[in-house]
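This report walks through one protein model and its ligand. Start with the view below, then read on.

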Amino acid sequence: MQKLKQIYEGKAKKLYETENADLLIQEFKDDATAFDATKRGTIMNKGVINNKLSEKIFGLLEKAGIPTHFEKRLNDREMLVKKVKIVPIEVTIRNIVAGGMAKLLGLEEGIILKEPVLEYHYKEDKLHDPLINDYHIKALGVATEKELETIAKYSFKINEILNKFFDSKSLILVDFKLEFGRYKGKVILADEVSPDTCRLWDKTTKEKLDKDRFRRDLGNVEEAYQEVLRRVLE
Ligand code: 5GP
């Protein structure tokens, strides 16, 4: 599949048109940003690792009946994906208190939640991706009630599937962020699923094996991503 015009460059990925108007090439970069891109750096081989991890996870989700934008991995850094119109909300699912929820509510990191929490954040860096609720989303026409129902249903199902999967790899899925897109009238999962977008802790040691190592300058960032890939593919 030939790479044509670049149509988007984000913090971690680039998108290119292909000769098929319905398909894009998604290229994963090594660039890492945090705190609304005020912190910038590079995680060696992150693009290669996240491409392979996302391939594995999208495959797993498709098998379980979740429609995704994933078509196939093309090479180390690129995958072929369906061209979607991204719904401008970030869906966060939390199983354990960490990051934004710990800060918002003044809670200790590590509290196990009685049930998963779903949050919507409006995707707008300038506003620091503010927390919004389903009323904001419907009232502002960001998504319809039916789309939101589908998004919530898929997100909780994805949480169940990934919780089981990561548990089998001795990893705890603390929380994660999803993005959905519209494709031929339906909502499907888009973006990526990787240690950039999930918090993953080692089940025994509780060591952080995700982007928090970069955010919090914990060191061994590439090693942590490699370890997740090794466990996921084993
Ligand atoms: P928090 O809201 O605690 O910062 O993030 C919750 C989860 O969503 C974490 O797993 C985090 O990695 C992911 N997440 C939230 N916002 C973003 C974002 O803008 N980019 C990426 N890569 N992940 C995010």
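## The ligand shell

The shell around the ligand holds 3 nonpolar, 4 polar and 9 charged residues. Here Ala, Val, Leu, Ile, Met, Phe, Trp, Tyr, Cys and Pro count as nonpolar, Asp, Glu, Lys and Arg as charged, and the others, Gly among them, as polar. The model is predicted: local features need pLDDT of at least 70, side-chain atom pairs count only at pLDDT 80 or more, and totals for chains, interfaces and linings use all residues. Residues are numbered from 1 along each chain as its sequence is written, and side-chain values use heavy atoms, with hydrogens and water left out.

Which residues come nearest to the ligand? Of the 16 around it, they are Arg94, Gly100, Asp175, Arg199 and Arg215. A residue is near a molecule if one of its heavy atoms lies within 4 Å of it.

For aspartate 175, a polar side-chain atom lies 2.6 Å from a ligand oxygen. For arginine 94, an N or O atom of the side chain is 2.8 Å from a ligand oxygen. For arginine 199, the distance from a polar side-chain atom to a ligand oxygen is 2.9 Å.

On its own, the ligand has 500 Å² of accessible area, and the protein covers 80% of this. Such areas come from the Shrake-Rupley method with a 1.4 Å probe. Strand 9 (89-96), helix 2 (99-105), strand 12 (171-178) and strand 15 (198-202) each give two or more residues to the shell. Helices (H or I, at least four residues) and strands (E, at least two) are DSSP runs, numbered from the N terminus.

## Salt bridges

A salt bridge is a side-chain nitrogen of Lys or Arg within 4 Å of a carboxyl oxygen of Asp or Glu. The count comes to 33. Aspartate 175 and arginine 199 form one of them, with their closest N and O atoms 2.7 Å apart. Aspartate 175 sits in strand 12 and arginine 199 in strand 15, so the pair ties together parts 24 residues apart in sequence. Both residues are buried, meaning under 20% relative accessible area; exposed is over 50%, and partly exposed is in between (1.4 Å probe, protein chains only). A network of salt bridges links Arg94, Glu109, Glu119, Asp175, Arg199, Lys208, Asp212, Arg215 and Arg216.

Lysine 13 and aspartate 191 meet in another salt bridge, at 2.8 Å from N to O. This pair links distant parts of the chain, 178 residues apart: lysine 13 is in strand 2 (residues 13-17), and aspartate 191 is in the loop between strand 14 (186-189) and strand 15. Lysine 13 and aspartate 191 are both buried.

## Helix 4

Helix 4 covers residues 145-168. At 1.5 Å a residue, its 24 residues should span 34 Å, and its end C-alpha atoms are 35 Å apart, which agrees. The expected span is 1.5 Å times one less than the number of residues. Its buried residues include Leu148, Ile151, Tyr154, Ile158 and Phe165. Just after the helix, serine 170 takes a positive phi of about 60°.

## Two loop residues

Aspartate 36 has a positive phi near 55°, though not a glycine. Aspartate 36 lies in the loop between strand 4 (31-34) and strand 5 (39-42). Its relative accessibility is 33%, so aspartate 36 counts as partly exposed.

Asparagine 220 also has a positive phi, about 50°. Its loop runs between helix 5 (212-215) and helix 6 (221-233). Is asparagine 220 buried or exposed? At 51% relative accessibility, asparagine 220 counts as exposed.

Terms used
Polar contact = N/O pair within 3.5 Å; in protein donor to acceptor, adjacent residues only side chain to side chain.
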